[in-house]
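Biologist: I would like to go through this structure and ask what lies behind the terms used for it. Please show it first.

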Amino acid sequence: MKTHGLISLDRSTQKHFGLALVLAMLTACGSVPESPTSQREDKAAQPAATAPAPAPQPAAAAAPAAPPPPILPYEEAVLSAANNLLGKAQLPTGVTQHALVIDPLIDGMTGAQSAATQAMGTRIVGLIREKYPQYEVQPFSAANVSKSPLVLVGTFTGVNNQRKTEGQREAFRICLALADLKTGKLVSKGLAFAKADGIDITPTVFFRDSPAWTDDPSTLGYIRTCQGTKAGDPINPLYVDRILAATIISEAIDSYGAGKYAEALALYENALRVPHGNQARVFTGLYLTNWKLGRREAAAQAFGQMVDFGLDQKRLAVKFLFRAGSNAFHEDKKVNEPYPTWLGEIGTRGARRTACLEIIGHSSASGPEPMNERLSLLRAEYVKSRLERIAPGFGKRMIVNGAGSRQTLVGNGRNDASDALDRRVEFKVIGC
């Protein structure tokens with residue numbers, strides 16, 4: 001069984017922890033375009049009062065925005081983004097080899113790791129070893145991170161035909177960033193777009209089994225370090241402050257995926273004791289490992305912590321699985337066995353709060369949208385009725401809504417494990 005102690009970064013790294021992140025946009029990955037240069041004032045002498053005023057000059061036209069990169073086959077897109085990142089990095093001089101760790105790449109909307117993000121990480125490591133001897137790839141561990149190496153992060157995000165993260169996703173945006181923990185700044189960026197053909201975005205075991213999802217500062221910091229930034233920008237402080245905890249969580253996720261539940265549980269418990277270790281992934285891991293080990297009471301407690309964390313973030317999504325075309329839960333006991341535990345914790349902990357909840361049903365983008373909206377509303381109403389039985393009187397502080405497929409997080413319309421979050425029931429904290 002492995003344990004980890006607290007490790008602090010060097011002073012040079014700490015110096016940059018508090019730097020504010022300059023963000024131009026959250027959803028775009030490329031560098032911020034330069035503003036048009038303003039016209040210079042005329043410094044010539046002013047004409048006499050009797051002289052006619054000069055005719056106004058037309059404003060200089062702004063330079064057209066550069067077109068986005070083309071959409072390439074997946075392998076070609078990964079290599080394009082990675083070669084730009086690694087080949088154009090602004091590295092310190094006088095050093096022949098630079099230590100580099102890779103914080104596992106994630107989906108830019110959900111924060112989940114998938115078969116595609118894992119494959120991309122493996123391909124980048126292979127490329128470094130083939131072509132870039134100036135980098136020494138090391139494991140993403142607390143011991144290595146404490147030495148302030150270069151850190152590679154990346155997002156893989158579904159986009160529609162307008163390159164936006166909404167509607168039907170038809171391609172993927174690859175965003176890579178290389179951060180220097182010694183200076184606290186980004187030293188390089190890489191961007192490419194990949195065709196969606198044949199790409200497997202099925203979540204890895206931990207993220208597939210995760211029962212809930214919420215906005216998490218740690219994931220947000222990772223995404224903001226990569227997206228909407230350029231070389232020279234500071235690393236997002238939300239990410240830097242949590243990177244040591246992230247190394248333990250990453251190891252725990254790997255242990256869970258390998259079926260080493262007791263080992264994973266010990267790692268999640270240790271991560272919770274690290275500064276900024278109170279993350280959604282940690283509470284999720286405590287729930288999953290305790291459940292796998294048959295520790296139902298401890299699992300319920302961990303799920304309750306996840307509920308409190310999500311409601312503190314004003315948004316908690318739960319992956320209830322319903323029968324096709326129905327508002328009844330799936331009949332498979334292996335699927336629905338934990339549902340009473342989930343509902344019990346949501347009802348009990350939600351009722352303790354003074355705020356109100358909006359319960360929103362969601363669906364994937366298959367079938368007619370009017371039917372999706374109606375079905376998602378019925379499912380939200382069903383969940384509300386179950387919560388009212390658990391916490392009488394709580395119903396007066398709940399409203400329901402059906403979003404259909406208008407707010408998909410994945411948006412591929414496959415109706416399988418890859419887009420399970422699109423069929424979520426969401427609990428949003430609202431004013432009463």
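**Terms and values**

Modeller: This is a predicted model. Aspartate 216 touches Gln279, Ala280, Arg281 and Phe309, leaving aside residues up to four places away in sequence.

Biologist: Where is aspartate 216 found?

Modeller: Aspartate 216 is in the loop between β8 (212-213) and α6 (217-226).

Biologist: How do you know that aspartate 216 has no salt bridge?

Modeller: The nearest side chain of opposite charge, arginine 242, is 5.4 Å away. A salt bridge has to be within 4 Å, so aspartate 216 has none, although it is buried.

Biologist: What makes the pair formed by the backbone nitrogen of alanine 280 and the side chain of aspartate 216 a polar contact?

Modeller: The backbone nitrogen of alanine 280 lies 2.7 Å from a polar atom of that side chain.

Biologist: In which sense do β6 and β7 pair, parallel or antiparallel?

Modeller: Strand β6 (residues 171-180) pairs with β7 in the antiparallel sense, over 10 bridges. Isoleucine 174 stands opposite alanine 192 in β7. β6 and β7 form a hairpin with 4 residues between them, and glycine 184 in the turn has a positive phi of about 75 degrees.

Technical notes:
Residues are numbered from 1 along each chain as its sequence is written. This is a predicted model: local features need pLDDT of at least 70, side-chain atom pairs count only at pLDDT 80 or more; totals for chains, interfaces and linings use all residues. Side-chain values use heavy atoms; hydrogens and water are left out. Helices (H or I, at least four residues) and strands (E, at least two) are DSSP runs, numbered from the N terminus. Buried means under 20% relative accessible area, exposed over 50%, partly exposed in between (1.4 Å probe, protein chains only). Lys and Arg count as positive and Asp and Glu as negative; His and the chain ends are not counted. A polar contact is a pair of N or O atoms within 3.5 Å; within protein, one must be able to donate a hydrogen and the other to accept it, and residues adjacent in sequence count only if both atoms are side-chain atoms. Contact means heavy atoms within 4.5 Å. Two strands pair if DSSP finds at least two bridges between them.
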